[in-house]
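Work through the following exercises with the coordinates open, and try each one before reading its solution.

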Amino acid sequence: MKKNKAQLRKLMELNNQKADEYLAKFACEIIADIKKSKDNDSILENLDLLKEFIYKVPNEMIEIMRYIIEKKPTSPVIHKSKFGEFDGKSHKDLILIGIELLDHIRYIVHDEVLELIRQLSQWEDSEVKNKALEVIKKFAKYDFNILTKSKIGYGAQREILNFIKQWSSNKQKQNFDFIITATKELLNSSIEGNTWKDEKTLVYHSGVVGPTDFLKRIRRETIELLFELYPTIKDSKKRLQIISTLEEATRRPSNVLYGDDVTQMILDDIDQLIENYRSIVFNDSQKMREEPAIVAEIEKGLYWLARNEKFKTQKVINLRKDILKDSFYSLFRLLVGDPVTYKEEEGWDTADKKRAEAIAEKVLEISEKNLRGWITKLNIIAEQKEITEEWHFQEFKRFLRKIAKEKSALADNILANAFKKNRSLKAFTANFLDGFRDSTEFDLWDKYVTEIIKRKEALLVSAICFSLNLAGEVDLKKEIRNRDIELLNDIVKKQNTFAFLRTNKDGHFLLHYALINTLTRNYVRSPKKIEGLIVEEMARHSQYISMYFQNLQMSTWKKWMDVSKWSEKGAEFLKQQMIELPSLDWHAQGLLLNLGKENFTIIIEVFLGRIKKDNESKKRRRCLLREDRYEAVPYHFNPDLREHIASHPCYKKVVCEWFTEATVDWSVYNWDIGQFLQRVGGPSLSEILMSLVEKGDKDSLMKVTRIMGPFWDGNFDLCIEIARRTENEKILGQLESVMYATGVVSGEYGISEAYERKAKDLEQYTRDKDPRARKFVEKMIKSFKEGAERERQRADEEIQLRKIEFEG
Amino acid sequence: MVSDQQIIQKLKTIDSCRFELMIDNLFHQGAFPEIVNSNASIEIFGVNVEKERTRKSSLRSDAELITGEVKIESSTQENWQLKLKEVIKKNKDRVIKKFVFCTNQDTGSKQISVNRKSIDADEYCRKNLHCNDCFIIGQQILVLQLQNPIFFYIRRNFLNISEDFFYSVEGYKNVLNQNSSLVCSVDQSEIERYAKVLSDNLTFDPAQTILLHNDDYITLLHTIAALGCQQINNDLQNTISQDLCFIKWPQNRVNLENVSTSEVNDSIPTIVFIWGAHEISNLSEYLMFNKQKAMLIFVCKSAFKDDVQNKIKNFGGSITIQDLYISEIDKREVSTDERETHKQKINTVVETLTEILLKYEALVYFYSPFYTDDSGVKKKIRSVLQIDQNKLNSLNKLLLQNDLASITGRILWLKQPVIAKELLNDYLDNKTLNIDDLIT
């Protein structure tokens with residue numbers, strides 16, 4: 001089945017009957033071959049060939065795709081190569097490529113493609129599902145090229161809408177994601193697309209849809225479809241998605257140049273939306289019936305419409321007014337939501353002040369008498385956390401904390417109810433505990449700690465930790481009791497009353513995040529003990545090591561803790577952890593700097609340790625696909641750490657000692673050292689390596705060329721110095737490859753020009769006193785000149801290829 | 001302007017035989033008066049009397065030349081120090097007054113390593129050969145001599161440097177062979193015969209200026225080349241007795257202001273061939289090479305003879321131009337039948353060529369991007385068109401010459417791919433080309 005892809009493509013482009021017959025015959029051979037295939041790789045090769053002329057054989061592709069979907073998945077074949085083993089293609093890979101191919105023929109055999117894509121959009125695998133949804137998105141999209149250069153017009157949009165509308169209500173529910181993806185595009189009023197003007201100019205087009213009756217009908221029917229679907233959906237999150245999709249109909253085109261006809265089309269659609277929104281939000285007796293989070297989404301849309309003079313219709317104003325009139329919704333809006341849309345005509349400060357006053361008023365309002373009603377309301381609001389993003393709940397959390405602080409007894413009742421009936425407010429326990437500590441109601445705080453322990457809920461333990469993380473300037477000796485420290489001790493060690501935490505070996509991220517935060521916050525309360533607890537916590541959960549380092553560094557920055565004052569044992573632990581870290585991120589480097597400010601050795605030991613670890617692990621395993629990524633020397637070096645290392649008087653001496661273990665052959669060790677020297681800077685790479693060059697023996701010179709590797713700074717002095725000292729072909733060969741490194745170049749002739757510059761820069765050495773150097777330089781100049789010419793030719797060929805491809 | 005580097009590059013690649021001949025010529029022409037006078041009596045060129053070597057042994061990497069008690073050795077061996085030590089050892093017990101060692105290598109500071117000690121090479125020769133005058137002539141000294149206008153003709157004849165204003169015979173021959181518009185279909189033996197006739201009719205006389213012309217201009221050009229070759233072969237074992245130099249063609253594009261008359265030597269008989277004279281506008285300017293020992297030969301097609309004469313006389317002075325016509329070249333009479341056959345042959349060739357060229361264009365489109373070094377595709381095209389590689393090369397040339405295609409790097413690309421696409425479609429439709437045969 002070996003065929004040349006370019007030639008198949010050429011046959012397709014000919015639009016010749018004979019060529020088409022040939023391709024159809026060949027596609028049949030591909031089908032037969034695929035059905036005979038025993039492994040996925042050969043199927044993929046066939047699909048790869050088919051891709052070149054797929055427009056000519058869409059039905060054959062549909063047949064192949066049906067076969068692939070239905071066939072029993074075959075496990076990937078393991079291929080062995082001299083670099084190691086690697087997996088062949090999986091059944092999923094075939095599906096993904098198949099989706100790509102279906103995308104190409106979406107306008108040719110639309111019904112068949114849409115049906116297959118519909119099936120694939122229901123797959124559990126998110127990659128397959130998302131890729132299928134991408135095809136739907138592209139199908140429904142108002143594409144510049146389709147609208148301006150084909151006769152399809154809005155036919156594709158009509159097609160996909162008809163495709164959805166023919167489904168039963170049940171089928172529509174099953175294909176919810178398909179519908180949302182398609183309708184969002186159908187309601188868009190912008191046109192996008194790009195075209196190649198010539199072989200090097202890509203033009204992006206954006207425009208506005210033409211509001212023809214045909215298009216208006218599509219939009220109208222799309223809105224109707226979504227409103228018909230809405231009441232059949234039980235899941236609030238999905239209903240919220242429908243509302244967000246409908247909002248697309250109210251959005252103006254991204255291109256501001258649009259006419260009144262477009263405005264009128266959007267206004268008509270807004271009218272239709274308002275009518276339907278009203279029946280969603282209110283029941284027949286005008287009582288609010290929808291979830292507050294969904295109403296909030298509708299209200300937010302109305303808020304933005306009301307701020308635009310063109311779209312501020314009376315219907316918009318009235319509906320918003322009616323929504324805001326609802327007392328429970330106004331409470332919800334006060335406590336939950338985006339501060340931006342809370343602001344009306346007034347400024348930020350006034351809005352904030354007004355909100356704070358209203359919240360304080362509400363706290364005052366709570367009493368024994370109305371407590372039952374408040375409990376219901378607060379729990380309904382808490383339930384919305386399932387639908388609304390958590391950051392919307394900032395005011396609600398403050399409100400709960402305020403109640404716990406100012407009306408502790410009532411708060412006790414509210415929380416007790418939540419615990420007893422396992423209600424949504426339980427998720428806000430931390431805010432109640434904060435309030436209890438604010439009012440030094442330690443008994444209440446202890447009561448709920450006991451409750452949490454009794455219930456053995458690991459996630460609620462994080463609430464305990466968070467509430468021990470006191471904000472502001474407080475006297476920790478006074479505010480944090482010995483009992484609290486013991487509690488943290490038990491949580492870290494998962495012992496005594498917190499022994500239940502052992503059942504979950506992996507732990508919960510939130511709990512360990514809260515724990516490390518609280519430990520570092522309370523470090524000054526009992527430095528020695530807490531140092532031990534931090535070490536133990538880190539040792540127990542190495543999977544969170546990056547997060548721990550981030551927190552340690554943050555606490556150092558906040559001056560909660562100074563790691564340089566840690567015990568020798570503690571510092572040694574941190575050092576080892578830093579060696580184990582897959583990559584030393586910004587925070588870990590900051591921490592290392594703090595740790596090594598008075599002890600330079602520790603910094604050097606961490607880097608040497610990392611380099612050795614990298615060398616050992618990569619020596620042991622050589623696999624094509626490595627998942628355990630380990631970066632011995634960080635690519636993004638913390639400038640303060642770099643400055644500290646580079647300017648340290650011992651740096652050059654210490655680094656020179658590393659060379660003893662460098663190898664004459666290529667090694668990870670050499671590579672990492674080269675990288676370290678280049679990233680740290682300070683005494684130049686050349687200056688440090690000169691100490692090795694000066695030894696002059698074959699091995700030392702070879703090591704230098706290995707270390708210079710890809711990190712060579714472009715300075716020829718060191719290279720010529722090596723050339724003066726040897727005629728060894730291996731060393732000079734390695735040196736040549738080092739000198740060929742160009743770094744980043746730009747422009748079509750970038751590499752060629754870089755070589756020409758190198759040849760020119762080398763000219764100064766042609767009069768070198770040493771004949772060996774002169775000989776080497778002459779050879780290199782010649783080589784660079786030839787290389788420049790070759791590269792120029794390659795670039796010209798590339799340009800010409802693009803031209804040929806563009807012109808056909 | 002020829003740079004030192006260009007001479008060095010050429011010296012590096014010169015073969016030992018040519019190197020030896022060049023050295024001999026330099027000595028004979030007085031390039032090294034401190035060693036031997038010009039026209040000194042030198043042993044027969046290329047023959048080592050002692051070892052009875054002849055030119056047959058020219059492949060050896062070194063050679064030597066003896067003149068009386070002067071010993072001259074030349075070598076192209078890369079390790080010149082080793083070679084020097086070898087020849088010193090060989091000549092140790094002989095009576096030598098002057099010893100010369102010539103090498104095409106860079107001798108640098110002339111230091112050689114003996115018993116791990118670095119010593120001066122001249123000193124080493126003196127000590128070991130017990131003679132007063134020892135000379136090491138290396139690359140740098142040779143460059144100096146070859147840049148001397150007096151020896152330009154030696155440089156031209158042995159190194160063939162493209163920046164020299166004149167071609168040597170060899171350079172001229174290369175131009176004829178490489179230019180498709182100068183291809184000659186006349187049998188080589190026939191050309192050799194014409195060259196003999198030309199040689200008989202051409203007597204060197206610097207007082208004369210010659211206008212050499214024929215109707216069959218291309219054959220005439222090849223005849224001149226054959227004449228040059230014959231002369232070189234005669235000179236092979238001798239010093240250069242006559243310099244033949246050919247202008248670069250077409251010289252009408254060159255401004256002669258920057259060209260030095262010293263390109264033509266005053267002391268050695270020189271024939272300057274100004275060929276393509278009918279295409280040169282500033283023809284009379286070439287008279288500046290009409291020096292004491294030079295004879296100018298203007299070469300053109302007979303049809304332009306008068307025009308050329310007028311252009312030569314354009315300088316304002318008076319000049320006598322001798323007409324030279326080799327009748328043998330144009331003499332061959334052709335019968336009517338033969339002419340008709342020839343005409344038909346041409347028509348067939350043109351038709352076949354047109355058809356095959358169109359097919360080739362269609363195939364270049366089909367296999368685009370067409371890499372000229374893609375042997376697989378070329379093989380495929382050859383088999384589809386049933387032609388050989390030479391034919392394919394000539395089709396490429398035709399596409400390029402007729403502005404139907406162009407070359408960027410290795411890619412041959414069509415100027416009008418749309419037409420090629422239509423051609424390909426037609427060929428597929430009328431089954432001239434079969435897809436199964438095209439697909440690799």
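**Exercise 1.** Which residues in α12(A) meet which residues in α13(A)?

*Solution.* The model is a predicted one, and the contact is read from it in steps. On the side of α12(A), the residues involved are Ile223(A), Leu226(A) and Leu229(A), and they meet Ile242(A), Thr245(A) and Leu246(A) in α13(A). Sorted by class, this contact of α12(A) with α13(A) holds five nonpolar residues, one polar residue and no charged residues.

**Exercise 2.** Determine how the axes of α12(A) and α13(A) are oriented relative to each other.

*Solution.* Begin with the extents: helix α12 of chain A covers residues 213-229, helix α13 of chain A covers residues 236-247, and their axes come within 10 Å and cross at roughly 165 degrees. Angles over 145 degrees count as roughly antiparallel, and therefore α12(A) and α13(A) are roughly antiparallel to each other. As for handedness, α12(A) passes α13(A) in a left-handed crossing.

**Exercise 3.** Describe the overall make-up of chain A, from its secondary structure to its contacts.

*Solution.* Chain A has 42 helices and four strands, and of its 808 residues, 34% are buried. Taking the contacts in chain A between residues at least 6 apart in sequence, 71% join residues at least 24 apart.

**Exercise 4.** Which residues touch the most other members of the largest nonpolar core?

*Solution.* This core has 208 residues, and those touching the most other members are Ile117(A), Ile464(A), Cys465(A), Ile491(A), Leu592(A) and Val364(B). Another core, of 45 residues, lies apart from the largest one and includes Leu212(B), Ala277(B), Leu283(B) and Ile312(B).

Technical notes
Residues numbered from 1 in each chain as written. Chains lettered and ligands numbered in written order. Predicted model: local features only at pLDDT ≥ 70, side-chain atom pairs only at ≥ 80, totals over all residues. Axes fitted to C-alpha atoms, helices over the stretch in contact; angles between N-to-C directions. Helix = DSSP H or I, 4+ residues; strand = E, 2+ residues; numbered from the N terminus. Parallel < 35°, antiparallel > 145°, perpendicular 65-115°, else oblique. Left-handed = near helix turned anticlockwise from the far one by under 90°. Contact = placed C-beta atoms within 7 Å. Nonpolar A, V, L, I, M, F, W, Y, C, P; charged D, E, K, R; others polar. Buried ≥ 20, exposed ≤ 12 C-beta atoms within 10 Å, placed from the backbone. Core = buried A, V, L, I, M, F, W, Y, C linked by C-beta atoms within 7 Å.
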